[in-house]
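My notes follow in the order I checked things.

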Amino acid sequence: MPKTYARTAPILSEVKTLHRKVARLKGIENRCRQAESALKGLEERNRLMGDSTPLGIFTIDVRGGITGINRKMLELFAWPSVDDPASVNLFDCQTLIGSGMIADIQRCIAQKTPVIAEHPYIGPQGLRIHLRYHLSPIPGSDGAVDGAMAIVEDNTDLKKTEEALRESEKRYRQLFQSAPIALIEWDISHLKAYLENLRASEVTDFREYLERHPHEVRHCWSLIKTVDYNKAFLKLMGVADSTGPSGDFIPTDANGFLEMAREIILVAAEGTIADEREETIVTTTGEPKIVLGKSLVVSGHEDTLERVAIALVDISQRKKAEEALRASERRFREQSLRDGLTDLYNQRYLYQSLAVWIDSAKNTDTPISVIFMDLDHFKMIVDTHGHLNGSRAIRKVAGTISNCLQEPAFAVAYAGDEFVVVLPGLDQPQALQKAFEIRESVKNTVYVLDKGIEVQLSASFGIATFPQHATNLNDLIAAADHALFTIKQTGKGAVGQFQNR
């Protein structure tokens, strides 16, 4: 009998190991299905939001591949004759390379900073159009940049207005009144003269001067005279056609308006009239609007500034759409790295993040410990109280684990009732102490399930430490898993440390 047991014991142990691996794979498969379902839902919401905006939108990865594009963008750009524009690699598109657009995208990705660029194109109908790109880097989970997001506006009308301003007074005046862009023309010659007198009296820092003399903001603003405006401007400012501005623009006492006035006065003081900048203006109803303001001195008045035309494009909706897309992108990326049941990180995040931590630890010569844990006799909970209560128990245990951790430590829902805890900077004795803390917290917590069912649980733990037990990601996880397997063979509810052979 002893000889028979000696021969069959390894086989039985191997069978148990295989059963355990099968159960783990099933759990991973179920979690993958849940994650895929959640991601599809988020992708659909992003698509609907992107297609409903009047702005062109596309996202691109670091290799030039289009990862997302909305309907408006397809209408704006003359795409190559392919069935799916998303299959186009923009870095191979000669039109974009020649225009300098590719260089702007690559600069946005390389420098991790937003870029605003404008390039002319021949559109799908063969007409010359001007597209303005607002490029934003898309951050990855490891601090790198995964690509760029572009918000694209058709600036053709604004460009036509600028060109007309330079052509002739008559054509300018006609276009001024009929332009869909809000336009106002100012005479700031009196303000210019007043600022020059202040400079002659040794005022050098006008920003500091206006802060010390806030009443001067209103006085300077009163020196700006309105020469003309169009209907689009009245609409932007919320003014009826019959009551246009007289004198110094639109009367309002809002603090936001005074802030805008101060900035415009400073622009005049600095002599940067032909400038483009974003400003927040306040309408007559007190509504703040974000506008892109482009100022241009009318030809022949460069010295006196008697005629300065300002074009105002309301970009409030674009700003809202951009922020909503960024927030959606952040939620989408965060969701893709979270476990749907426990809200802990998932395996994807584990393998991405732990690889980065190990690379950093190699450079700084610091330890990283990993705890592999699973719940003891959890099948009994499921068999007794059902799968839904089993899921509730797992979710509550995940909360217990999280309460024991402080950043940069993090927990991962690995599979089924298994968890992985990553402890950057903790050596083996410190990790052992943390494992005991988690074990006692789980053991001493009464978990209330559906219908008031109360259960108490215990867990087993395996610990491995970099670089003592492994020097790469896979070996470190495998070492912690082996330590857990060993401890569960000898007695559950305990903590085991990996032993180098």
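This is a predicted model: local features need pLDDT of at least 70, side-chain atom pairs count only at pLDDT 80 or more; totals for chains, interfaces and linings use all residues.

**Entry 1: the antiparallel sheet**

I started with an open sheet of five strands, ordered β2-β1-β5-β4-β3, and its pairing is antiparallel. The edges are β2 (66-69) and β3 (115-122), and each of them pairs on one side only.

Strand β1 (residues 56-61) pairs with strand β5 (residues 145-154) in the antiparallel sense, over six bridges. I asked which residue of β5 is the bridge partner of Ile-57. It is Ile-151.

Then I looked for a helix on this sheet. Helix α12 packs on it and touches β1, β4 and β5. The direction of α12 makes about 155° with that of β5.

**Entry 2: helix α12**

I stayed with α12, which covers residues 316-336. The helix has 21 residues. From first C-alpha to last it reaches 30 Å, close to the 30 Å expected at 1.5 Å a residue.

I listed buried positions in α12. Among them are Ser-316, Ala-321, Leu-325, Ala-327, Ser-328 and Phe-332. Two charged residues, Arg-318 and Glu-322, are buried as well. I checked how they sit relative to each other. They are four residues apart in α12, about one turn of the helix. Glu-322 forms a salt bridge with Arg-318, with the closest N and O atoms 3.1 Å apart.

**Entry 3: Arg-132**

I went back to the first sheet for a single residue. Arg-132 lies in strand β4 (residues 128-139). Is its side of the story buried or exposed? Arg-132 counts as buried because its relative accessible area is 6%, under the 20% cut-off.

Leaving aside neighbours within four places in sequence, Arg-132 is in contact with residues including Ile-116, Ala-117, Ile-151, Val-152, Glu-153, Glu-276 and Leu-292. Glu-118 is also one of its contacts. The side chains of Arg-132 and Glu-118 make a polar contact at 3.2 Å. I also checked His-119, which is 13 residues from Arg-132 along the chain. Their C-alpha atoms are separated by 6.6 Å.

**Entry 4: the mixed sheet**

I moved on to another open sheet. Five strands form it in the order β12-β13-β11-β16-β17, with mixed pairing. Its edge strands are β12 (410-415) and β17 (495-497), each pairing on one side only. The twist averages 20° from one strand to the next.

I picked the β11 and β13 pair. Strand β11 (residues 368-375) and strand β13 (residues 418-424) run antiparallel and are joined by seven bridges. Phe-372 has Val-420 in β13 as its bridge partner.

Two helices came up when I searched for packing on this sheet. Helix α15 (residues 387-403) touches β11, β12 and β13, and its direction makes about 15° with that of β13. Helix α17 (residues 473-490) touches β11, β16 (459-466) and β17. The direction of α17 makes about 145° with that of β16.

**Entry 5: salt bridges**

I ran the salt-bridge count last. How many are there? The count comes to 13 salt bridges.

I looked at a pair involving α17. Lys-488 and Asp-376 meet through their side chains in a salt bridge, 2.9 Å from N to O. This pair links distant parts of the chain, 112 residues apart: Lys-488 is in α17, and Asp-376 is in the loop between β11 and α14 (378-385). Lys-488 is buried at 18% relative accessible area. Asp-376 is buried too, at 4%. I also noted a network: salt bridges that share partners join Glu-153, Arg-318 and Glu-322.

For a pair within a helix I took Glu-196 and Lys-192. They form a salt bridge, and their closest N and O atoms are 2.6 Å apart. Both lie in helix α7 (residues 189-200), and because they are four residues apart, about one helical turn separates them. Glu-196 is partly exposed, at 39% relative accessibility. Lys-192 is partly exposed at 26%.

Terms used: Residues are numbered from 1 along each chain as its sequence is written. Side-chain values use heavy atoms; hydrogens and water are left out. The expected span of a helix is 1.5 Å times one less than its number of residues. Buried means under 20% relative accessible area, exposed over 50%, partly exposed in between (1.4 Å probe, protein chains only). Two strands pair if DSSP finds at least two bridges between them. Axes are lines fitted to C-alpha atoms, for helices over the stretch in contact, and angles run from 0 to 180 degrees between N-to-C directions. Contact means heavy atoms within 4.5 Å. A polar contact is a pair of N or O atoms within 3.5 Å; within protein, one must be able to donate a hydrogen and the other to accept it, and residues adjacent in sequence count only if both atoms are side-chain atoms. A salt bridge is a side-chain nitrogen of Lys or Arg within 4 Å of a carboxyl oxygen of Asp or Glu.
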